[in-house]
Every structure is written in structure tokens, then in C-alpha cells.
Amino acid sequence: MTAFLLPILLATTLVVTMLAGPKLVQAAAPALMRAPRAAIALLLGAVVLWLMASAALSLMLAWMFTGPAILPETVAGICQRCIAAATPFPSVGVVATVIPSAILIFLPALTLAALVAVAVVRGLRRGRTTTATARGIAARSQRARLHGHRVLVIRDQRPTAYSLPQHHGGIVISDSLIAALRTEELVAVLAHEREHVRGHHHLIHAALDVVVAPLRWLPLMAAVINAVPHYLEIAADDAARRSAGTPALASALLKLGEPHVGITAQPDRYTVGTLLHAAGPSRIGHLITPPSIRTAIAPIAALGVMAIGCAVATTAVHGPYLYVIAAGCHFPL
């Protein structure tokens with residue numbers, strides 16, 4: 001295997017992972033649903049590793065290619081010495097291209113800076129929206145204590161329950177839902193929402209919206225954005241099952257999904273995109289008869305291999321650069 005084959009192999013792996021990722025995530029769902037917290041960690045980890053491996057590809061190409069100097073002579077000299085010190089292929093001949101090495105070196109940092117800037121803007125916007133949502137809900141609710149849980153009770157014909165971050169109020173439930181549920185069903189719904197609050201699921205939701213959503217145009221990112229909220233709900237369902245039992249939770253979800261004349265359990269303008277819900281009956285099948293995980297073994301293994309491959313590439317490429325920087329390679333300011 002030649003040194004020039006490595007970036008080709010890494011680029012191919014990144015493309016295949018990006019394109020095949022959504023189908024693998026979907027096919028692995030029966031197994032991922034059995035361990036929703038691990039599923040969330042795996043999917044978010046895959047996103048991070050894919051991005052870092054993409055940055056590694058750019059840095060790896062800097063070892064192989066050279067081009068016109070675009071930096072001042074002093075800075076360019078230091079840059080070249082850093083690249084030469086970091087490469088594990090000192091005997092490989094450098095290929096002249098039209099792409100300056102500096103671009104390949106700084107592209108990951110510039111991309112990261114752009115992502116951080118977008119994330120800050122989206123985070124501030126989301127924070128303002130969440131605060132306005134919480135204030136709107138607080139203005140039309142009453143504090144109460146139900147079965148050991150502090151809740152905000154809203155007067156609403158819609159039978160609904162959802163949660164805010166703890167510092168914004170926590171569990172919110174409508175008076176119509178309280179009236180519609182039996183005691184064990186109400187305990188299940190409260191336990192579900194309590195798990196969202198206790199597990200800080202809103203932070204995961206926010207990270208998806210702020211950091212990953214701008215990359216939704218990439219198929220793997222879109223698949224993760226769609227899948228993680230589902231596993232957050234399953235994690236909350238598991239907590240509710242332990243607290244109240246599967247029949248009570250399934251019955252409560254059925255009632256949340258019941259059609260009402262002029263009434264809907266769908267989120268209103270306050271809740272879209274900012275809250276986590278005890279939704280309708282779509283998850284009942286998983287609660288009662290979980291699907292077999294045999295068909296998910298191969299997709300899980302493929303996802304694991306792809307993640308390991310990205311981790312290896314990330315460590316092998318970023319490691320030498322970090323070592324060189326730590327050893328004293330720096331740019332004059």
C-alpha cells in the first residue's frame with residue numbers, strides 16, 4: 001500500500017459512510033431501540049468522528065501535495081517545517097498541485113470556526129425562543145404537585161404533556177389530560193417527562209438543532225437528526241415503564257393519540273422545536289412487542305467498523321500535528 005493510497009481510502013470511507021449511513025441507521029433501529037442511551041452516544045459519536053476524519057483528510061493531503069505559496073515567506077517556512085515534522089511519510093515525494101498547502105492546513109480550522117459561528121447564532125436564537133416559550137407557558141399555568149412531581153398545569157382543551165428544561169419550569173401538563181388519565185397512566189406520563197428533565201434531554205436536542213442541523217444537507221447528519229429525538233423518547237419511555245409499568249404507559253400514549261373533535265395533541269406554536277413531548281401511539285408497538293434484533297446485527301457492526309475507521313484516521317493524522325504543535329511549532333504573531 002502506498003502513501004498516496006491512504007487519502008483515497010479515507011475519502012472513499014467518508015463518502016460511503018455518508019451515503020450508506022442513513023440506511024444503516026434505519027436498519028440498526030431494532031437493536032438501537034433496546035439501548036437508547038447507547039444509541040444516542042453512538043450516533044452523536046459517529047457525527048463527531050466523521051467530521052474529525054474529514055478534517056484529517058485535508059491534513060493528510062497537506063502531507064502529499066504542495067502548491068503556490070500564499071503566506072509571507074517566514075510563516076510559509078514555518079508551515080512547511082511543521083508539515084514535514086508531522087508527516088509519517090518522510091520519504092514520499094511531494095506532488096505539485098495548484099492548491100496551496102496552507103489552504104489544506106487551515107481549511108479544517110476555518111471550517112470549525114464557521115461551524116462555531118453558526119452554532120453561536122443558532123444557539124442564541126434558540127435560547128431566546130425557549131425563554132419566550134417558557135414565559136408564555138408560565139403566564140397561563142399554575143404550579144402544582146402531582147404524585148411527587150412539581151409540574152406546571154395549563155388550562156387547555158388539548159390533552160398534552162411536555163417538558164421544559166428544569167430552570168424554565170420542568171414538566172408541563174394540561175388539565176384536560178389530567179382529567180382524562182387514570183392514576184397509573186398519569187404516573188407513567190409524569191415519569192416520562194421527568195426523565196426528559198432529569199436526563200437533560202433538552203441539551204441533546206439543542207446540540208442537534210444548533211450544531212448538527214446546519215449540516216442536514218449531508219445524508220448521515222440528516223439521519224442522525226431524525227433518529228436521536230426518537231431514542232430520547234424511548235429512553236423516557238423506559239423510565240416510565242420502570243415507574244408505572246408497560247400497560248399504563250401504553251394506555252396513556254393511546255389516549256394522547258386519540259382524535260378529539262376540534263382537539264389535537266399536536267404541539268402548538270409555543271412548543272414546536274423547543275420542547276420534548278409525551279407523544280401519541282406510534283411507539284406502542286415497540287413497548288408491547290419489541291422487534292427482533294437479529295436483522296440489526298450486521299448494520300450495527302458496519303456502523304461500529306465505520307466509527308472505528310474514522311477514529312483511527314483521526315488519531316493517526318491529528319496526533320502528529322498536535323505533537324508537533326506541542327513541541328514548539330508556532331506561527332509568529
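At what angle do helix H3 and helix H9 pack, and how far apart are their axes? In this predicted model, H3 (residues 36-64) packs against H9 (residues 219-244) at an angle of about 160°, and the two axes lie 8 Å apart. Because angles over 145 degrees count as roughly antiparallel, H3 is roughly antiparallel to H9. The crossing of the two helices is left-handed.

On the H3 side, the contact is made by Pro36, Arg37, Ala39, Ile40, Leu43, Leu44, Val47, Trp50 and Leu51. H9 contributes residues including Leu220, Met221, Val224, Tyr231, Asp238 and Arg242. By residue class, the contact between H3 and H9 comprises 17 nonpolar and 3 charged residues, with no polar ones.

The largest nonpolar core of the model has 49 residues, of which Met221, Tyr231 and Tyr321 touch the most other members. Two or more residues of this core come from each of several elements, among them helix H1 (5-27), helix H5 (101-139), helix H12 (297-326), H3 and H9. The greatest contribution to this core is that of H3, with 13 residues.

The surroundings of Tyr231 were also examined. When neighbours within four places in sequence are left aside, Tyr231 is in contact with Ala29, Leu32, Met33, Pro36, Ala39, Ile40 and Leu43. Another core, of 23 residues, lies apart from the largest one; its members include Ile173, Ala248, Leu253 and Leu256.

Notes:
Residues numbered from 1 in each chain as written. Predicted model: local features only at pLDDT ≥ 70, side-chain atom pairs only at ≥ 80, totals over all residues. Heavy atoms only, no water. Axes fitted to C-alpha atoms, helices over the stretch in contact; angles between N-to-C directions. Helix = DSSP H or I, 4+ residues; strand = E, 2+ residues; numbered from the N terminus. Parallel < 35°, antiparallel > 145°, perpendicular 65-115°, else oblique. Left-handed = near helix turned anticlockwise from the far one by under 90°. Contact = heavy atoms within 4.5 Å. Nonpolar A, V, L, I, M, F, W, Y, C, P; charged D, E, K, R; others polar. Core = buried A, V, L, I, M, F, W, Y, C linked by side-chain atoms within 4.5 Å. Buried < 20%, exposed > 50% of the residue type's maximum accessible area, 1.4 Å probe, protein only.
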